[in-house]
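Hello,

Here is the structure I said I would pass on. My notes on what was found follow below it.

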Amino acid sequence: MAAVVKLLQPTEIPAAIDVIDAQYGGILADSASVLVPCRVYSIRANRLISGGTTVDVRLSRSTQGTWRVTATHPAQPGAPMTDLSATARQVLASEQISLPPASAADIRSGQVHDSVLTTMLELAKTYRIGISVIRSGHPIDVFGTDRPSDHPRGRAFDTWQLNGRPVVSPSTPRSLVTSYMRAAESLGSYNVGGPYQLSGTAFFSDNTHHDHVHAGFRS
């Protein structure tokens, strides 16, 4: 994560970088996208300032098999709205939903669809959920394709943690992840990806989604 620290730590103001998670935005044989949500803390005029972003780190694999960073793309959530919906305010205030700074800013910008927000609230009645990515900081297209991703349109969210357990951890019960995936589908997600292939047309699994659960919505 040295590339992320270098990007987010200005030389004139010392800052502490807290990496929340690192998940695949996409992986191919010779290229990859790794999404890194971070919190950033700094001190200005004797005051602690907290912020953060999500960085889309692009990597390329050499013929020798080593990976190198080729680009870093920080999230651009957009300006906050002055009049948020009640649903958006509930998500931001929920103690059951942990949002990294960029995802919280996505919601404040008013660019996250209600289907995402209402699904999060419903899931939070059963699970404590750690969100990694909603809209900004995610590749515009599904990695390695020219198909638009649901994320930049505010119609998808990724979950990296359930009830305090990382989705990717071998110690996390399979039943916890699969029940969450099925719950997302039952709440309207047409495209649920995760580490396990479930029966049903809405579900998929691949190398990119072995470390998080994706839930996408058509509207």
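**Pockets**

The lining of the second largest pocket divides into five nonpolar, five polar and three charged residues. In these classes, Ala, Val, Leu, Ile, Met, Phe, Trp, Tyr, Cys and Pro are nonpolar, Asp, Glu, Lys and Arg are charged, and the others, Gly among them, are polar. Please note that this is a predicted model, in which local features need pLDDT of at least 70 and side-chain atom pairs count only at pLDDT 80 or more, while totals for chains, interfaces and linings use all residues. Residues are numbered from 1 along each chain as its sequence is written, and side-chain values use heavy atoms, with hydrogens and water left out.

The volume of the second largest pocket is about 210 Å³. It has 13 lining residues, and Pro74, Ser136, Gly137, His138 and Ile140 are the closest to its centre. Strand E4 (47-61) and strand E5 (67-74) each supply at least two residues of this lining. Helices (H or I, at least four residues) and strands (E, at least two) are DSSP runs, numbered from the N terminus.

The largest pocket holds about 380 Å³ of space. Of the 25 residues that line the largest pocket, His138, Val142, Phe143, Phe204 and His209 lie nearest its centre. Strand E2 (residues 23-27) gives the most to this lining, with five residues. By class, the lining of the largest pocket has nine nonpolar, eleven polar and five charged residues.

A pocket here is an open set of points on a 1 Å grid over the protein atoms alone, where a 1.4 Å probe fits, with protein on both sides within 12 Å along at least five of seven lines; lining residues have an atom within 4 Å of a point. Grid points are joined across faces, edges and corners, and a volume is the space filled by probe spheres set on the points.

**Helix packing**

Helix H2 (residues 86-93) packs against helix H4 (residues 114-123) at an angle of about 45 degrees, with the axes 9 Å apart. Axes are lines fitted to C-alpha atoms, for helices over the stretch in contact, and angles run from 0 to 180 degrees between N-to-C directions. H2 and H4 are therefore oblique to each other; angles under 35 degrees count as roughly parallel, over 145 as roughly antiparallel, 65 to 115 as roughly perpendicular and the rest as oblique. Thr87, Ala88, Gln90 and Val91 of H2 make the contact with Leu117, Thr118, Met120 and Leu121 of H4, where contact means heavy atoms within 4.5 Å. This contact has five nonpolar, three polar and no charged residues.

H2 and helix H3 (residues 101-108) pack at about 160 degrees, with their axes 10 Å apart. H2 and H3 are therefore roughly antiparallel. Their contact is made by Ala88, Val91 and Leu92 of H2 and Ala104, Ile107 and Arg108 of H3.

**Pro101**

Pro101 is in helix H3. Leaving out residues up to four places away in sequence, Pro101 touches Ile20, Cys38, Arg39, Gly51, Gly52 and Thr53.

Regards
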